[in-house]
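Here is a note for a colleague who is new to this structure. Please read it with the sequence and the structure open.

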Amino acid sequence: MGKVFICDHPLIQHKLAYIRDEKTITKDFRELVDEVATLMAYEITRDIPLTDAQVTTPVTTANCRMISGRMLGLIPILRAGLGMVDGILKLVPAAKVGHIGLYRDPETLQPVEYYVKLPTDVQERELIVIDPMLATGGSANAAIELLKRRGCSSMKLMCLIAAPEGIKAVQNAHPEIDIYVAAIDDFLNDHGYIVPGLGDAGDRLFGTK
């Protein structure tokens with residue numbers, strides 16, 4: 001069974017409080033999400049394999065450790081997932097970025113696919129699927145299933161906030177997937193929103209409401 005990791009670093013929790021605040025304006029909201037994504041990237045990349053390397057310093061040679069094995073791929077779920085990509089790229093600028101466009105049908109709450117564009121070598125990469133809100137789990141499950149159908153086998157899920165219902169849904173559908181979150185909230189309301197949550201992440205990132 002995949003594990004759930006709560007990234008509870010004090011800086012993440014401090015910034016998350018401002019992200020939740022309804023008074024936080026779009027500009028600040030966007031910057032805070034970017035900063036939290038960078039901080040969370042430290043945790044989600046903690047187990048990247050290393051290999052021995054020798055480096056010549058100005059004084060002598062040093063035995064060092066460098067990243068080896070598969071390179072990373074970032075797969076934001078449009079549109080809200082875009083808000084976290086640049087923050088991760090600050091740490092791993094060589095990562096390639098694919099995009100999966102999904103929206104949630106307001107009646108059925110089920111994900112509807114409208115756009116997919118992935119790196120040509122996506123099957124060879126360690127993938128981080130990115131969506132700020134893990135609510136019902138529908139979008140995350142659909143994105144992971146889409147990637148599996150295209151031959152991808154190594155994935156993690158990265159979210160700002162998750163509802164227990166969303167975590168359970170992903171674990172039931174994709175039990176091998178590790179989930180990284182900054183917070184697990186209380187429940188979903190009748191409209192499928194996380195409580196207490198932060199509202200609609202896409203609208204708050206792009207100022208569309």
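1. The model is predicted.

2. Ile-194 belongs to strand E13, which covers residues 194-195. Its relative accessibility is 6%, so Ile-194 counts as buried, given that the cut-off for buried is under 20%. Apart from neighbours within four places in sequence, Ile-194 touches several stretches of chain: Met-133, Leu-134 and Ala-135, then Ile-161, Ala-162 and Ala-163, and also Asp-185, Phe-187 and Leu-188.

3. Ala-201 is in helix H6, residues 201-206. With a relative accessibility of 6%, Ala-201 counts as buried. Setting aside neighbours within four places in sequence, Ala-201 has contacts with Phe-29, Ala-80, Pro-132 and Met-133. Met-133 is also among the contacts of Ile-194.

4. UniProt (unreviewed entry) also places the feature "binding site" at Arg-79, Arg-104, Asp-131, Pro-132, Met-133, Leu-134, Ala-135, Thr-136, Gly-137, Gly-138, Ser-139 and Asp-200. From this set, the lining of the largest pocket includes Arg-79, Arg-104, Asp-131, Met-133, Leu-134, Ala-135, Thr-136, Gly-137, Gly-138, Ser-139 and Asp-200.

5. Where is Arg-79 placed? Arg-79 sits in the loop between strand E4 (72-78) and H3. Arg-79 has a relative accessible area of 31% and is therefore partly exposed.

6. Gly-138 is part of helix H4, which spans residues 138-149. Is Gly-138 buried or exposed? Gly-138 is buried, its relative accessible area being 16%.

7. Ala-163 lies in the loop between strand E10 (155-162) and H5. Ala-163 counts as buried because its relative accessibility is 0%. Leaving out neighbours within four places in sequence, the contacts of Ala-163 are Leu-134, Ala-135, Leu-188 and Ile-194.

8. His-174 is found in the loop between helix H5 (164-173) and strand E11 (178-184). A relative accessible area of 2% means that His-174 is buried. Beyond neighbours within four places in sequence, His-174 is in contact with Asn-141, Ile-144, Glu-145 and Lys-148.

9. Two packed helices are described by the angle between their axes and the distance between the axes. For helix H1 (residues 10-20) and helix H2 (residues 26-44), the angle is about 155 degrees and the axes are 10 Å apart. H1 and H2 are therefore roughly antiparallel to each other, since angles over 145 degrees count as such. Their crossing is left-handed. On the H1 side, Leu-11, Ile-12, Lys-15, Tyr-18 and Ile-19 take part; on the H2 side they meet Phe-29, Leu-32, Val-33, Glu-35, Val-36, Leu-39 and Met-40. Phe-29 is also one of the contacts of Ala-201.

10. H2 packs against helix H3 (residues 82-89) as well, with axes that come within 7 Å and cross at roughly 50 degrees. H2 is therefore oblique to H3. The crossing of H2 and H3 is right-handed. Here Val-33, Asp-34, Ala-37, Thr-38, Met-40 and Ala-41 in H2 meet Gly-83, Met-84, Asp-86, Gly-87 and Ile-88 in H3.

11. Most peptide bonds are trans. The bond from Leu-78 to Arg-79, however, is cis, with omega near 0 degrees. Val-195 and Pro-196 are also joined by a cis peptide bond, with omega about 0 degrees. Pro-196 is in the loop between E13 and H6.

Terms used
Residues are numbered from 1 along each chain as its sequence is written. This is a predicted model: local features need pLDDT of at least 70, side-chain atom pairs count only at pLDDT 80 or more; totals for chains, interfaces and linings use all residues. Side-chain values use heavy atoms; hydrogens and water are left out. Helices (H or I, at least four residues) and strands (E, at least two) are DSSP runs, numbered from the N terminus. Buried means under 20% relative accessible area, exposed over 50%, partly exposed in between (1.4 Å probe, protein chains only). Contact means heavy atoms within 4.5 Å. Axes are lines fitted to C-alpha atoms, for helices over the stretch in contact, and angles run from 0 to 180 degrees between N-to-C directions. Angles under 35 degrees count as roughly parallel, over 145 as roughly antiparallel, 65 to 115 as roughly perpendicular and the rest as oblique. A crossing is left-handed if the near helix is turned anticlockwise from the far one by less than a right angle, and right-handed if clockwise. UniProt positions are given in the numbering used here, feature names are shortened, and annotations may be inferred rather than shown by experiment. On a 1 Å grid over the protein atoms alone, a cavity is a set of points where a 1.4 Å probe fits but cannot get out, and a pocket is an open set with protein on both sides within 12 Å along at least five of seven lines; lining residues have an atom within 4 Å of a point.
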